[in-house]
Amino acid sequence: MTPLRHLRRLRRGRLPLPIVATLITAALVVWQPRSEVLGQSAVGRITGTVKLTLANSAPSSASAYERRSVGPRPKPLSELKNVVIFFSDLPATKPAPMQASIAQKDEQFAPHLVAVTAGSSVAFPNEDPFFHNVFSLSRGAAFNLGRYPSGSSRSKTFNRAGIIKVFCEIHSHMSAVIRVFDHGWFTVPNEDGTYTVDGVPPGDHTLVAWHERIGERRDRVTIRSGAAAQMNFTLPVLEPEQ
Amino acid sequence: MSAPRLVTRALVTSFLTVALVLGAVFAVLSLRVRDQVRQSVADNLASAQQVFTRVESRRQQDMRASVAILAENPTLKAALDTWLTERNGANAEASSELLATVQREADKIAGHVAADVLAVVDGSHRVVASGGRLASAWPRGTIMGGIADDVSPTEGAVSVGSGMYHVVSVPLQLGDATVGSLELGTALDSRYARELAELSRGDAAILSRGAVLASTVSGPAARDLAELHEWDTSAARTVTLAGESWAIQPLSQLGDVSFIALASIDRAAGGQTQAALRGLAWVGLGAISLAVIGSVWLARTLTNPIDRLSRSLTAMTTHARARDAVPLSGTSRELDQLTTTFNSLLASLASAEAEAEATYLGAVRALAAALDARDPYTAGHSERVSILVVAMGEELELDSETKETLRLGALLHDIGKIGVPDEVLRKSGALSAAEFEAIKTHPSAGARILRSIPFLAPHIPMVELHHERPDGLGYPYGLRGDEIPLAARIVHVADAFDAMTSARAYRTGRMPVEAIAELRRCVGSDFDGRSVEALIAALPRLVAADAPVDPMAFQWAPRARSA
């Protein structure tokens, strides 16, 4: 979309075709999201904070069983680490594959959420002293890694963008979520809620803050070359349904 | 209308007494039965309440436990969570495949729990999938009313669609997050009311804010139950429905919903009373037959002696004379005393009667003697005739009573001559026709005199008819043969014999042999044959007996002849 829009803008200027062709080529070279480009300030940056006003629904006291745990309960990660900030309307690129890992520890997937580029593989090391299983029912990415013992690890490569929810068929309360993007403009906020996405092509874009249960908040943001835009999100956006 | 017999009176009295006692016993019994039934019905309901509480809490606990285990279903959770996430996703449509998986898992769980409906509900109380008998009542998208302020946050009465449900909720958790819940609904409908009724062994009703959700009570009682607004469902009580008394026992409370057990006291009491009545009927039958037997026996021992007494009295009054003494019955002192008194009364009466008769007799004798004394020729005539007729009666083998009648009748047979003037009576010459007519009036006159004395009634025929003849030529009526009473015929013969053998102023007495010959000659015309023969047979005995009689009185006797 973005190159076409530029093309249109160029056409409005009624420039001669050779110049146009040259400009297009130059633009394509310039907007290639590479690290050296960021240094030349040909791209912008978006920063901001994410605030959660409503925690995820309170855990019910009426659970059938006390949650089992081998060892002291680890301090849960901030819910902010379950939020992904990404641009929703940037063109698909071929981002470099990443290596991510979701450990299975204390009957929990840790971290609960990872965001990776398409083609990345995610490892699921079993760090509990018992068997675990990893499976998913998500569309287009249904898989089942089977059960495997303590200390071993299996991994899965995700080639298509989407939301993949991962579960353990042995421990039904375990879940994780993997967001796969076909571009590199996404991030997970820090513990304090701040986030930064570098190398964003200039222009008007839609920035999304997404949480698997709270939902998402979309906002338009204008990125200028060499400048840092600011966008603060306040979740939830979960509107009362009744 | 005569007074009832003693037996009847005794029977009626004893019957009424028994009936009264039985009635009182029945009244007391039915009151007691009713009281006991009321108590037992209340006790039944109270124990039913305990049973219900135990069974129901156990059931809910079991259900919750089994559902909690079933809720740990990784496939269900994974499918639901994935579906929810995809539904909330910006540009992704929720997969129908995932929904089918959720539905399948819901059906599977529903098959394992005893609930009318099982629903998988998302975080905003929307039904995602439902299974079970009443799944159609909870279609996808149905918003479930929250469980408001109930037994616990996970159990309560919830209104879904048009129905009310007892809902047990179990959260579906992923880590610390709750993605939804499993809701188990038990419909509070008539089916559930029937189950309650079975537990309480009576009737049951489910009420919400005074309205009846369901009940097993039918007919007019159900209408009254629905109209009974002021419900105090916290305590057992008694109410009136359709004119019947009902015991009500609260079973449990679930938010606004009350479960009550109720039973008709009247209906239960009816059966019990009937059973008691049957028993009482047997007792009553026995008591009545005993009373009948007893009263008949009592009446017999009382009435029989009284009957005898009264019969004696009746006989006494009809015959105007006392019979033999009534024997003592020995049944009771009072009766025996009465009998003794009655007997002594009879005895004194008899003696008084005898005395009266003796007095009369004396008077009559005096009268007869005075009559005889009017004419020295006829002196002792009546006494002699009297002796003759008694002797003739003996020859004719008459009973003593008849002989007694004969004796007195003979003594009085000429009493009517009182009315005949002396000059006619004492006339020595032949009587004129008029004088003879005057003489002929004496039988009728005598009868007239005697009629005024009741106890001389049997003697009147001898006085009145002692001049009648078998050939019908006698006076005053001219009766013939057997029309003349035997006593009168006897007296006629004796009178004639004495008259013939007696001297008169105008002639001497004939010899008895002549007189007998004369009598025999006139048998059939003037005299009765049997009487004449009796006289002839009796004469020798009278002479030989040397009876203490006045020699002067019997001039016809041989001895008198010689004197």
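Helices (H or I, at least four residues) and strands (E, at least two) are DSSP runs numbered from the N terminus. Axes are lines fitted to C-alpha atoms, for helices over the stretch in contact, with angles from 0 to 180 degrees between N-to-C directions; contact requires C-beta atoms, placed from the backbone, within 7 Å. The model is predicted, with local features requiring pLDDT of at least 70 and side-chain atom pairs counting only at pLDDT 80 or more, whereas totals for chains, interfaces and linings use all residues. Residues are numbered from 1 along each chain as its sequence is written, and chains are lettered from A and ligands numbered from 1 in the order in which they are written.

Two strands pair if DSSP finds at least two bridges between them. Strand 1 (residues 117–122) of chain B is joined to strand 2 of chain B by four bridges, and the two run antiparallel. Within strand 2 of chain B, B:S130 stands opposite B:A119.

The crossing of helix 2 and helix 3 of chain B is left-handed (near helix turned anticlockwise from the far one by less than a right angle; clockwise for right-handed). Helix 2 of chain B contributes B:T75, B:L76, B:A79, B:L80, B:T82 and B:W83 to the contact, and helix 3 of chain B contributes B:L98, B:L99, B:T101, B:V102 and B:E105. By class, this contact between helix 2 and helix 3 of chain B comprises seven nonpolar, three polar and one charged residues. Ala, Val, Leu, Ile, Met, Phe, Trp, Tyr, Cys and Pro are classed as nonpolar, Asp, Glu, Lys and Arg as charged, and the others, including Gly, as polar.

A further helix pair in chain B consists of helix 9 (residues 400–412) and helix 14 (residues 486–501), which pack at an angle of about 50° with axes 10 Å apart. Helix 9 of chain B is therefore oblique to helix 14 of chain B (under 35 degrees is roughly parallel, over 145 roughly antiparallel, 65 to 115 roughly perpendicular, and the rest oblique). The crossing of helix 9 with helix 14 of chain B is right-handed. Its contact residues are B:T405, B:L406, B:G409 and B:A410 of helix 9 of chain B, together with B:A487, B:I490, B:V491 and B:A494 of helix 14 of chain B. Six of the residues in the contact of helix 9 with helix 14 of chain B are nonpolar, two are polar and none is charged.

Strand 8 (residues 237–241) and strand 9 (residues 244–254) of chain B run antiparallel and are joined by five bridges. B:S245 in strand 9 of chain B is the bridge partner of B:T240. Two residues separate strand 8 and strand 9 of chain B in this hairpin, and B:A242 in the turn has a positive phi of about 50°.

B:S312 lies in helix 6 (residues 265–319) of chain B. B:S312 has 19 C-beta neighbours inside 10 Å and therefore counts as partly exposed (buried at 20 or more other C-beta atoms within 10 Å, exposed at 12 or fewer, partly exposed in between; C-beta atoms placed from the backbone). B:S312 and B:N343 are separated by 31 residues in sequence and by 9.9 Å between C-alpha atoms.

In chain A, an open sheet of four strands has the order 13-2-15-16 with antiparallel pairing. Strand 13 (186–187) and strand 16 (215–223) of chain A are the edge strands, each pairing on one side only. Strand 2 (residues 83–87) and strand 15 (residues 203–211) of chain A pair in the antiparallel sense over five bridges, with A:L207 of strand 15 of chain A as the bridge partner of A:F87.

Overall, chain A contains three helices and 18 strands, and chain B contains 17 helices and 10 strands. Buried residues account for 32% of the 242 residues of chain A and for 35% of the 563 residues in chain B. Of the contacts between residues at least 6 apart in sequence, 62% in chain A join residues at least 24 apart; the corresponding value in chain B is 55%.

How values were computed: Contact = placed C-beta atoms within 7 Å.
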